[in-house]
Amino acid sequence: MPDKKNHQTFYDVFSRDEWSRLAEVTPSLLSRADVAQLAALGDPISATEADEIYQPLAALLHVHFRHYDELARARSQFVHRPQDHPLTPFIIGVAGSVAVGKSTTSRLLKELLRRWPGSPRVELVTTDGFLYPNAELEHRGIAHRKGFPESYDRRGLLRFLSLLKSGHPEVEAPVYSHVTYDVTDEKLLLRHPDVVIVEGINVLQPAQPKPDGSPSLAVSDFFDFSIYVDAAASDIEAWYVERFLKLKNTAFANPDSYFRRYAGIDDEIAIDIARNIWASINLPNLKENIEPTRGRANLLIRKSSDHHIHAIMLRKI
């Protein structure tokens with residue numbers, strides 16, 4: 001959590017009650033069935049929380065989106081370069097630890113934004129697709145570092161975002177399988193989206209200097225708004241273990257699952273395995289690479305141990 005001085009300097013802090021009051025002036029767009037379908041495994045969320053927290057957040061994003069559109073058109077008129085093609089997409093970054101609830105946040109926002117007036121075309125891209133294939137990770141000797149910054153095709157991700165912001169009519173993103181735990185041959189084709197949500201654990205990483213010292217780009221340089229989903233590390237560990245147990249009895253049983261060997265093992269053994277994975281991979285990555293980027297976000301969502309959101313921090317303009 002950013003320190004108290006940073007709270008006072010950079011953020012407007014809203015308690016859950018304060019933020020939920022904003023829902024009184026925003027329409028409810030999701031049913032209970034919608035919310036249940038959009039929630040990620042192990043990340044319970046109620047229709048009430050969707051209305052009280054995510055609906056005002058989507059409305060705030062829509063304000064930014066509208067002004068982004070207006071600014072782009074006004075700038076084109078000012079420089080006498082009238083736009084003869086669709087505007088480049090408004091890009092939202094969603095960051096946070098493994099198992100913290102980024103997927104639920106991203107899916108809810110996608111569905112809420114696409115239901116706003118004008119029905120904007122909203123796409124969701126996860127950076128898992130930009131991980132190096134397992135064979136390449138093995139070749140580089142970093143298979144044990146999967147999820148750390150060096151395990152991603154950063155150039156490929158930057159190229160993808162650059163094409164989006166350049167206004168290319170069609171842009172492809174690679175797709176990752178959480179069954180085989182590897183990048184697939186499938187591609188997600190984006191055709192002139194209005195909004196693109198980019199979800200990933202390391203999307204707020206600062207730019208890495210080039211070997212020759214020349215300037216480099218960061219993924220977040222392409223974001224028009226960024227969100228960090230935050231919680232105590234001990235709570236996230238508990239959620240990770242809980243999710244591992246649920247997957248053990250469901251997805252891991254798939255014959256094609258990378259984690260097939262864990263299907264059907266005793267819960268006590270599964271808990272030990274999950275905690276070991278957390279302690280050796282996910283926690284170090286959180287502390288070394290993910291959590292330090294928290295203060296770069298435009299908005300922080302703070303969760304309690306019961307998964308519910310108890311505070312929103314919005315960077316001051």
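I'll start with Lys187, which is found in strand E5, residues 182-191. Strands here are DSSP runs marked E of at least two residues, helices are runs marked H or I of at least four, and both are numbered from the N terminus.

Before going on, what we have on screen is a predicted model, in which local features need pLDDT of at least 70 and side-chain atom pairs count only at pLDDT 80 or more, while totals for chains, interfaces and linings use all residues. Residues are numbered from 1 along each chain as its sequence is written, and side-chain values use heavy atoms, with hydrogens and water left out.

Back to Lys187. It counts as partly exposed because its relative accessibility is 47%. The scale is this: buried is under 20% relative accessible area, exposed is over 50%, and partly exposed is in between, with a 1.4 Å probe and protein chains only. Which residues does Lys187 touch, leaving out those up to four places away in sequence? They are Glu172, Ala173, Pro174 and Val175, where contact means heavy atoms within 4.5 Å. Ala173 is 14 residues away along the chain, and its C-alpha atom is separated from that of Lys187 by 5.6 Å.

Next, the sheet. It is open, has seven strands, and runs in the order E1-E9-E8-E7-E2-E6-E3 with mixed pairing. Two strands pair if DSSP finds at least two bridges between them. At the edges are E1, residues 11-15, and E3, residues 122-126, each pairing on one side only. On average, neighbouring strands of this sheet are turned by 20° against each other, ignoring direction.

Let me take E2, residues 90-96. How many of its seven residues are buried? Seven of the seven are, so E2 is largely enclosed by the rest of the structure. In a regular strand the side chains alternate between the two faces of the sheet. In E2, Phe90, Ile92, Val94 and Gly96 point one way, Ile91, Gly93 and Ala95 point the other way, and all are buried.

E2 pairs with E6 in the parallel sense over five bridges, and Phe90 stands opposite Val195 in E6. E2 also pairs with E7 in the parallel sense, again over five bridges. There, Gly93 has Ser226 of E7 as its bridge partner, and Val94 has Ile227.

Helix H7, residues 154-165, lies across E2, E3 and E6, where E6 is residues 195-199. H7 runs at about 150° to E2. For such values, axes are lines fitted to C-alpha atoms, for helices over the stretch in contact, and angles run from 0 to 180 degrees between N-to-C directions.

Now E7, residues 225-230. This strand is mostly covered, with six of its six residues buried. Phe225, Ile227 and Val229 point one way, and Ser226, Tyr228 and Asp230 point the other. E7 pairs in the parallel sense with E8, residues 299-303, over four bridges. Within that pair, Ile227 stands opposite Leu299 and Tyr228 stands opposite Leu300.

On to a helix pair. Two packed helices are described by the angle between their axes and the distance between the axes. For H8, residues 233-248, and H9, residues 267-290, the angle is about 135° and the axes are 9 Å apart. H8 and H9 are therefore oblique to each other; under 35 degrees would count as roughly parallel, over 145 as roughly antiparallel, 65 to 115 as roughly perpendicular, and the rest as oblique. The contact includes Ile236, Tyr240 and Phe244 from H8, and Ile273, Ile277 and Trp278 from H9, among others. By type, the contact residues divide into 14 nonpolar, one polar and five charged. Nonpolar here is Ala, Val, Leu, Ile, Met, Phe, Trp, Tyr, Cys and Pro; charged is Asp, Glu, Lys and Arg; the others, Gly among them, are polar.

Last, two backbone points. Ala99 has a positive phi of about 70° although it is not a glycine. Ala99 is in the loop between E2 and helix H5, residues 102-114, and counts as buried because its relative accessibility is 15%. Where is His307? His307 is in the loop between E8 and strand E9, residues 309-315. Its phi is near 80°, again a positive value in a residue other than glycine. At 6% relative accessibility, His307 counts as buried.
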